[in-house]
Every structure is written in C-alpha cells, then in structure tokens.
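I would like the cut-offs behind each term to be stated along the way.

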Amino acid sequence: MTTNSGVETMNVTLTVNGRRVVAPEGSTILEAARSAGIRIPTLCHHPDLSNVGSCRICVVSVDGTSGLQTACTAPVQAGMQIDTESEAARATRRFVLEMLLTDHPNECMICEVNGDCELQELVYEYEVPWPEPGGARHAFAVDPDPNPFIVIDRNKCILCTRCVRACAEIQNRDVWGIAHRGFESRLVAGADEFLLDARCESCGQCVAYCPVGALYDKMSLGRARVNKVTRVPTTCSYCGVGCSLDLNVRDGEVVRVTGIPEAPVNGMALCVKGRYGYDYVHHPDRLTAPLVRAALLSAEHLDARLANGEWQVTAVPDDRSPDEEITPDTFIATDWATALDVVAGRFADEKEAHGADAFAVFASAKCTNEENFLFGKFARQILGTNSIDHCARL
Amino acid sequence: MTNSIQDIAEDSRCIFVIGSNTTEQHPVIGIKIRRAQRHRGAPLIVADPRRIDLAEHADLFLRHRPGTDTALLNGLMNVIIREGWADQDFIDSRTEGFADLQEVVDRYPPEVASDITGVSAADIEAAARLLAENRPGALIYAMGITQHTSGVSNVMSCANLQMLLGNMGVPGGGVNPLRGQNNVQGACDMGGLPDVYSGYQKVADAAVREKFTAAWGAPMPDRAGLTVTEMLSAAEAGRVRCLYVIGENPMVSDPDLNHVRRSLEETEFLVVQDLFFTETCRFADVVFPAAAAAEKDGTFTNTERRIQRVRRAVEPPGEARSDAWIVTQLAERMIAMGAAAPDADAPYSSWDHASAAEVMGEVNALTPSYAGVTYPRLEAGAELQWPVPDAEHPGTPILHVGRFSRGLGRFAAADHMPPDELPDDEYPLMLTTGRVIYHWHGGGATRRARGLKAVYPEALVEIHPKDAAAAAIAADGLMRVTSRRGEIVAKALVTDRVVPGLVFATFHFPESAANFLTNPALDPQAKIPEFKVCAVRVEPVPEGESA
Ligand code: SF4
Ligand code: SF4
Ligand code: SF4
Ligand code: FES
C-alpha cells in the first residue's frame with residue numbers, strides 16, 4: 001500500500017476472532033478489526049480524533065499476553081491472535097459501564113439524547129443493571145453557562161475527553177480541559193470560566209462529539225429527540241465554504257442542525273452560523289403574502305377585497321401605525337395572481353414604451369444555481385437585456 | 001479557487017493568507033488552516049491590516065497598510081527573484097511575460113516595499129524565505145484583496161507570486177480566492193452577470209449569442225449590460241426605469257448608501273423579492289415573499305467549484321414561494337400578454353420545468369462546464385467540481401494541472417496604486433470594512449437568529465486606544481463616524497486589533513452600516529468598489545443623544 005506521501009508501508013497479518021485479517025503496519029487493532037467488519041465497542045475513541053485509551057471499553061484479549069489491551073491504541077503485530085469477545089474482555093466492559101453508572105443520573109427517560117447515546121446503547125447491549133444506590137454522586141448545577149447555544153450537564157459527563165479533543169484538534173481552540181483528579185475531576189472551560197470568556201467560538205464541535213447528553217444544543221432542548229425528527233441533508237445557506245449538514249425537522253419546523261460524518265467539505269465540523277443560525281427561517285418577520293402599493297390596485301377591487309378579508313392592510317414598514325388612513329403608498333397584502341399581473345403588466349408596458357434598456361435585474365448570490373439560471377433567462381429571453389448582475393463584488 | 005479545500009488542508013507545505021479574515025468569514029476553512037499549522041507544522045503567513053484571529057496562529061504576521069497589497073506582493077517577489085528562489089523550470093515551460101514582471105518587481109526592493117506597506121524589510125525577507133523553502137504553498141485571499149480600486153492589480157500580483165514559486169497546478173498550491181456568500185460562485189457560473197451567459201460564455205461572442213438565440217427562441221441582446229453599481233446610477237438618471245431586485249439588499253450592501261437611497265427613490269418601478277421586509281423594500285412598488293433555502297430544492301456551488309444539493313426540508317410560510325416559481329410566473333404571464341414571444345419550436349423556449357432537476361437539464365445542455373452535473377449523479381453521491389464537461393467526467397478538483405486554461409500563464413505585472421481616498425486634515429482616519437463571525441452579509445438572516453443576535457447584538461466599530469483617547473471616545477461609548485458621504489453612530493470597541501489611524505466597521509446592522517461611509521470608487525476593470533479604504537473622522541456621541 002502507498003500512502004499520500006508516497007512512502008511504502010508494509011502489511012501485517014493477524015487473526016481476529018478466528019478470521020485472518022490483513023492490515024497496514026502501524027494501524028491499531030481497532031482499525032484492523034473495523035476494516036474487516038468486526039465491531040469492537042468504544043467510548044472515548046472517535047475516528048476523527050486522537051486516541052487517549054482511557055475508558056477501557058474497547059479492551060480485547062490478545063493470545064500470548066497476560067492482560068487485555070485497549071484496541072483503540074494497541075498497534076497490530078504480525079501473528080497476533082485476538083479475541084474481541086472473550087469472557088475477560090466482556091467482563092471488563094461490563095465493569096467499566098457499571099462504574100460509569102454509579103455516578104450517572106438515572107434520567108434516560110427525560111434525557112435529550114435518549115436513543116442517540118453511546119453509553120445507553122452499551123449499557124443495553126451488556127445488560128448492565130442499574131447499580132444499587134450508595135457511594136458519592138455528583139450534583140452539579142445543570143446549564144450553568146449563559147452561552148446561548150450550548151447546554152452543559154456535568155452530571156452526565158463520563159470524562160471521555162472527546163469534547164476536549166474536538167475543540168483542540170478540529171476547532172483548534174483549546175477551550176475545554178479536565179480539572180482536578182479522581183472523584184474531583186470535572187470538565188471546565190478555560191480557567192473554569194464561562195465558555196465565551198474562555199474564547200469559545202460556539203461552533204458546537206464539542207457537542208457533536210460528546211457521546212452522551214453532557215453537552216447538548218440549547219436551542220433544541222425538549223424539541224429534537226432523535227426519534228421525533230426527520231433529518232434532511234442539505235448545504236449550509238450562509239457562506240461559500242459549502243458545508244453539508246442535516247436539518248432536523250419536526251412538525252414542519254427545523255429544530256436542530258447536525259453534522260454529516262461523510263460530508264466532503266467539512267466532515268462533522270460546522271461553524272456557529274451553520275449549526276445555530278437556522279432559526280431565521282421561522283422568524284415571525286417572514287413575508288407571507290405579496291405586497292402591492294395601494295396606488296397600483298384598482299380602487300374598486302381594493303375596497304371590496306379589503307372588506308371581504310381577501311386582502312389586508314399591512315403593518316410594514318414597521319414605523320407605520322395601524323390606524324393610519326390608506327394612502328396610495330400603503331402596502332396591501334394581496335393574492336398572487338393580482339400581484340403578478342401588476343408586475344407583468346407594468347413590465348410589458350415599459351418594454352413596449354421604452355424598450356429593453358429600461359430594465360435591470362439584481363440576481364442573487366443567496367439563490368440556487370437553477371434559480372439564477374432562470375433569472376438570466378428571464379432577463380435575456382423575456383426582458384431582452386443583459387443588465388443582470390448580483391453582489392459578487394460586495 | 002484553483003485548488004480544493006482538502007488538498008490545501010492536507011498537502012500544502014505553507015499557507016499564505018492575505019486579505020482574508022478566514023476564521024470569521026469562512027470559519028470551517030479557517031479551522032482547517034489552524035489545524036494545518038498546528039498539527040501538520042505547515043508554516044502560516046498572514047498579511048492583514050488588522051490583527052485578526054489567524055494572526056495569533058501565524059508563524060509570521062505582516063501587518064500592512066490597507067491598500068498596499070500589490071506593493072507587499074511585489075516586495076516578496078523582489079526578494080524571491082534576487083535570491084534565485086524563483087522556479088525557473090516552471091517559468092520557462094508554463095509562463096510568459098516574466099521579463100515584464102522582473103522589470104516592475106525590480107522597483108520594489110524590501111526597503112521600498114517597507115516604506116509603502118509599513119511592514120519591516122526584515123519581515124518581507126523572512127516571508128519570502130518561508131514561501132520559497134516550503135513548496136508547494138497555497139495562497140488564500142478574499143475581499144481584502146479585491147475590494148480596492150487596485151483590486152485587479154492585487155489579484156494579478158497574487159497569481160504572479162504563485163507562478164513565480166511554481167505553486168500552480170499542484171495539490172497544496174494554487175491561487176485560492178474564497179467566495180463570500182453561499183452561492184456567489186454559482187450565481188456567477190449561471191450567468192448572473194452582465195457580460196456572460198452560464199459557464200462564462202461571452203455575450204460579446206456572436207456564436208454564443210447565436211447558440212442561445214436558437215435554444216431560447218428569442219433574439220439575444222448583443223451589448224453587455226450594466227453592473228450593479230451602474231444600474232443604480234442609471235436608475236437615478238432615469239435611464240433604467242424598472243429594477244427587479246431578487247434576494248439582495250443594496251440599501252445595506254452597496255457602497256455609499258445615501259446615493260443608493262437616492263437611486264432607489266428615483267426608480268420608476270421597483271420590484272423586490274426577499275424573505276423579509278428589507279431596507280430596500282421600503283422603496284419598492286411591489287414586494288414578493290420568497291422561500292428560504294430550507295424550503296426549496298436545487299444546488300449551490302461552493303468556493304472550490306463543488307456543486308452540492310440543497311433540499312426542501314420544510315414548507316414556506318403562508319404564501320411565500322420559491323424564487324424559481326415567481327420568476328417563472330412572471331415569464332409565463334409576459335409571454336401570454338405578448339410582451340415576449342419566444343419561438344415555441346426552440347428546444348428551450350418554454351418555462352415548463354417541473355423541478356429543479358429539469359432546470360439543471362437545461363443548464364447541462366447549454367453550459368459546457370456544467371454538462372455533466374446531473375441530479376442522478378449528485379444523488380448517487382458523486383463529488384463534482386466544475387468543469388465537468390460530460391456525464392462520465394469525474395470533475396476537476398485542481399485547475400491548471402500541466403497547462404493553464406489559456407495555454408501559458410501570463411505574468412501581468414502591476415505597480416502599487418494608492419487608494420482613491422486617503423486620510424487628510426478633515427478626515428484624518430482610515431476606515432476599513434469587513435464582517436464578524438456571528439453575522440452574515442447584510443445581517444437580514446443572522447439578526448433574526450436568536451442566539452447569534454444574543455451573542456453579538458449591535459454594531460461595534462473597532463478603534464485603537466490612542467485614537468479613542470485622542471477623540472475622548474470611551475470604551476463601549478457611542479461614537480459617530482463621518483465620511484464625505486455620510487455618517488453612522490455605533491458603539492466603540494477600543495482594541496489594538498486595529499493600528500492607530502485605522503477604524504473598522506461592518507455592514508451587518510442597517511442603521512449603523514459601514515456603507516453609509518464607504519467610497520463607491522471602482523476598480524476600472526472589475527468594477528469592484530473600494531470598500532476596504534476610505535477617509536473618516538470620529539467623535540464621541542454624548543450619552544442620551546441618539547443616532
Ligand atoms: S463550541 Fe467550539 S470553540 Fe466552543 S468549546 Fe465547543 S468546540 Fe470549543
Ligand atoms: S462532556 Fe461529553 S465529550 Fe466531554 S468529557 Fe464529558 S462525556 Fe466526554
Ligand atoms: S457552516 Fe459556517 S463555514 Fe460552513 S458553510 Fe455554513 S457558514 Fe460557512
Ligand atoms: S475506546 Fe479505547 S479506551 Fe476508550
């Protein structure tokens with residue numbers, strides 16, 4: 001095999017669960033097993049992040065060595081005989097999970113990430129009983145940080161440090177760290193500050209990589225459980241980087257944005273606008289009807305349709321008082337046919353009287369390719385002008 | 001971009017960012033640059049008048065004066081040629097015009113470049129060495145390069161530098177302008193420009209016009225049209241009578257807003273199509289309610305020429321409709337009224353597309369660089385960067401491999417040209433403009449996103465502590481910024497991100513939009529206004545007095 005840098009790497013052959021597996025030298029047991037389609041459970045590991053080997057969920061038995069090895073950090077060696085499901089490995093995993101539960105709130109029923117939690121999945125798979133009460137439990141304040149995008153619940157934190165690594169390695173911002181040791185260990189931002197004071201950019205990368213519900217998207221609280229949403233893959237509507245993302249839709253409303261691991265441009269990464277700037281779509285300021293100045297409507301229609309409620313007097317611009325008299329300048333919310341006829345009719349008249357040079361069209365860097373193509377066709381085929389431009393330069 | 005985000009992130013041995021506040025404007029590219037510097041050890045050189053976030057991560061930060069980019073780039077090239085670091089093989093086999101370049105660049109030894117730019121000669125030497133010793137290197141720029149009266153010279157100088165270093169046509173190299181808005185690349189590609197049809201097919205080319213006449217069944221106008229800035233002036237003068245503004249807000253985003261206002265007031269018939277009742281809508285005769293991106297199907301083309309799907313996830317509110325639907329309704333009505341009469345036998349005369357995919361079919365047929373960009377391929381997961389000349393073509397992640405599209409790459413040497421308007425006694429400070437991470441463009445969307453508004457609720461103008469003290473402007477106090485064209489009032493952010501003599505403002509907040517101040521002087525070729533430099537004065541606004 002040849003890597004990007006053109007250096008030849010050697011392959012080694014090993015046996016996993018009785019199957020022959022070939023893997024490049026230097027890969028981990030986890031990578032080798034996954035490439036052969038053999039699953040090894042993990043918690044602190046994430047393929048996008050460096051490995052710390054701290055949780056011990058991924059332990060496997062290696063013949064010829066005494067103890068278990070963490071598959072996410074142990075490199076493959078030629079001739080290794082690995083059993084990923086040995087009794088010792090499974091017992092260790094069960095023990096690790098039990099320990100995590102002794103200091104974890106029993107709140108799955110009301111947890112945001114119920115059904116989308118790596119801890120819950122493993123506890124279910126390994127049939128770990130809820131531990132008897134006893135021993136010290138943390139009682140951190142929930143949502144102690146005023147950041148408008150990220151909610152923290154340290155009671156659920158399993159100290160896997162995935163958020164720490166996501167911030168340091170993907171966002172390259174180093175906001176998160178683990179302070180203190182042992183039972184006192186806890187996740188802190190900066191020098192135990194609020195996120196924004198610790199120079200957090202509110203990208204939400206840490207939330208995206210948290211395997212449990214310790215970090216979550218604040219705008220989605222109570223609204224976006226995984227079994228209640230439909231995920232629609234699309235492209236971010238803000239900047240030209242073109243990140244892919246999933247709009248999480250519930251009852252006709254976008255309630256959360258999540259990343260797409262295989263996104264070609266951005267992987268799971270997004271910025272604060274792409275991840276948390278979606279709610280403008282449902283803002284009450286959205287225009288919901290065509291608006292036509294009263295002067296452009298026939299007086300007779302105006303009176304009748306205002307009276308029967310088909311049309312409405314609008315409250316825009318916002319400095320207009322609602323009880324003002326209707327003037328020729330007042331915007332009337334009309335039906336589409338009326339508004340389109342007003343514009344098409346006027347365009348037709350102007351074209352006849354003044355020719356194509358009387359028109360200019362601002363196309364839009366926010367609209368789709370297909371729409372911009374149609375704007376160009378409209379300017380050139382229908383209006384007859386090349387005066388079409390957009391704010392590419394602005 | 002000549003290259004792709006991925007190859008720059010993974011293969012560049014050096015990254016040179018000039019005139020791009022990448023971590024705020026193109027955040028996900030910004031984090032990849034930070035990562036390349038930090039985890040891969042690729043040296044990062046940042047040239048910017050402001051100490052932007054990336055400057056903190058830079059191995060070398062060149063803080064040049066606004067409007068001196070060409071002088072800085074010429075200074076770097078002077079050192080590279082002098083030291084014999086130029087890639088002579090590349091120059092000989094792939095380029096022309098090197099002698100002209102050498103002649104111009106000879107005039108910019110580091111001391112001269114230093115005088116013009118304010119960057120020390122030693123830093124210019126050091127940057128040239130870093131660039132020369134770490135190839136291939138990627139050059140990344142944005143509006144800090146283009147939004148000047150010397151924008152074209154700046155762009156050419158970026159290309160000159162990269163050709164001189166042999167950094168073209170290879171992974172990890174290239175000249176990489178970052179396009180601002182989500183689909184500004186696509187709007188250009190689709191012919192939303194006065195001199196070209198889709199795929200940059202020239203209006204001036206009779207054969208191209210003939211092709212579109214035959215396809216659309218209507219005679220094609222042969223004169224290039226007006227640019228945005230020219231449209232507004234023509235509207236003010238009454239030559240343009242009808243302005244149809246789709247999804248844009250010139251009353252915030254264009255230079256010299258007081259002039260824009262007069263133009264819009266003078267426009268006979270103004271139709272605006274948008275999500276919200278924008279500042280521009282105030283001047284409209286008719287306003288059409290448009291659908292948001294989350295409410296429609298289609299494609300966007302990103303800054304690396306990658307075409308990606310946009311999918312309808314929710315319904316538009318009330319009677320709002322997609323821009324495609326609205327413009328189609330207008331076209332069909334005008335045809336029905338006889339105001340346009342395209343030949344029904346022409347293959348693409350009609351407006352009966354049933355879906356965005358069908359419109360793309362027409363794009364495929366009429367646009368060579370998009371010929372192979374089909375919905376079935378996109379849906380099957382094909383990663384397509386144009387040019388994609390046919391349905392089997394895999395796309396083009398890197399341009400100019402082995403050969404420039406024009407054959408030989410031409411060195412187009414340029415001299416430093418000072419900005420159109422520089423500080424003087426009356427307006428002693430320089431204003432430069434830009435954006436912040438929490439807001440986007442005219443702010444229409446981001447000011448209506450709860451969290452973004454909460455984190456960054458109002459316009460801030462950056463001013464250096466010395467200038468603030470001299471003008472008696474308090475930190476967080478209100479200040480008035482005045483130029484020859486207008487004034488704004490905004491809160492002062494007293495910071496050494498800017499140097500003494502420089503203030504920085506954004507256009508995200510309509511009432512304090514920097515564009516009341518900016519200079520509409522254009523680059524003569526690209527017609528880009530000089531947003532990045534104008535002269536202003538500042539004064540405190542007493543408590544209680546409002547804008
Ligand atoms: S939101 Fe982003 S910057 Fe803030 S702590 Fe999380 S990963 Fe770091
Ligand atoms: S917050 Fe989440 S990602 Fe971070 S250490 Fe705790 S459990 Fe792991
Ligand atoms: S998520 Fe951020 S970086 Fe990505 S396209 Fe959207 S605005 Fe740009
Ligand atoms: S996943 Fe391997 S130690 Fe945590």
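How many residues surround ligand 1, and which are the closest? The shell, counting residues with a heavy atom within 4 Å of the molecule, holds 13 residues, and the closest are Cys167(A), Cys200(A), Cys203(A), Gly204(A) and Cys206(A). Helix H4 (162-171) and helix H5 (205-209) of chain A are the elements that give two or more residues to this shell, where helices (H or I, at least four residues) and strands (E, at least two) are DSSP runs numbered from the N terminus. By class, the shell around ligand 1 comprises eight nonpolar, four polar and one charged residues; here Ala, Val, Leu, Ile, Met, Phe, Trp, Tyr, Cys and Pro count as nonpolar, Asp, Glu, Lys and Arg as charged, and the others, Gly among them, as polar.

The model is predicted, so local features need pLDDT of at least 70 and side-chain atom pairs count only at pLDDT 80 or more, whereas totals for chains, interfaces and linings use all residues. Residues are numbered from 1 along each chain as its sequence is written, chains are lettered from A and ligands numbered from 1 in the order in which they are written, and side-chain values use heavy atoms, with hydrogens and water left out.

Ligand 2 is likewise surrounded by 13 residues, the closest being Cys157(A), Cys160(A), Thr161(A), Cys163(A) and Cys210(A), and its shell divides into eleven nonpolar, one polar and one charged residues. Around ligand 3 the shell includes Cys236(A), Cys239(A), Cys243(A) and Cys271(A) from chain A, together with Pro27(B) and Val28(B) from chain B. Because residues from chains A and B surround ligand 3, the site is shared between chains; its shell has eight nonpolar, two polar and no charged residues.

The two chains also meet over an interface in which 162 residues of chain B are in contact with 115 residues of chain A, contact meaning heavy atoms within 4.5 Å. Between them the chains bury about 11,700 Å², 63% of it on carbon and sulfur atoms, where buried area is the accessible area (1.4 Å probe) that two parts lose on being put together, summed over both. Across this interface there are 72 residue pairs in polar contact, both residues at pLDDT 80 or more; a polar contact is a pair of N or O atoms within 3.5 Å, and within protein one must be able to donate a hydrogen and the other to accept it, while residues adjacent in sequence count only if both atoms are side-chain atoms. Helix H17 (residues 323-336) of chain B gives twelve residues, the largest share of the side of chain B that touches chain A, and that side has 90 nonpolar, 35 polar and 37 charged residues.

Arg333(B) counts as buried at 19% relative accessibility, whereas Asp341(A), at 39%, counts as partly exposed; buried means under 20% relative accessible area, exposed over 50%, and partly exposed in between (1.4 Å probe, protein chains only).

Another salt bridge joins Lys377(A) to Glu362(B), with the closest N and O atoms 3.0 Å apart. Glu362(B) is itself one of the buried residues of helix H18 (residues 356-366) of chain B, among them Val359(B), Met360(B) and Leu366(B). What covers the buried residues of H18(B) includes helix H9 (369-383) of chain A as well as helix H13 (206-216), strand E10 (298-301) and helix H19 (375-379) of chain B.

Within chain B, Arg484(B) and Asp424(B) form a salt bridge whose closest N and O atoms are 2.5 Å apart. Arg484(B) lies in the loop between strand E16 (478-482) and strand E17 (487-494) and Asp424(B) in the loop between strand E13 (409-410) and E14, so the pair ties together parts that are 60 residues apart in sequence.

Definitions and conventions: A salt bridge is a side-chain nitrogen of Lys or Arg within 4 Å of a carboxyl oxygen of Asp or Glu.
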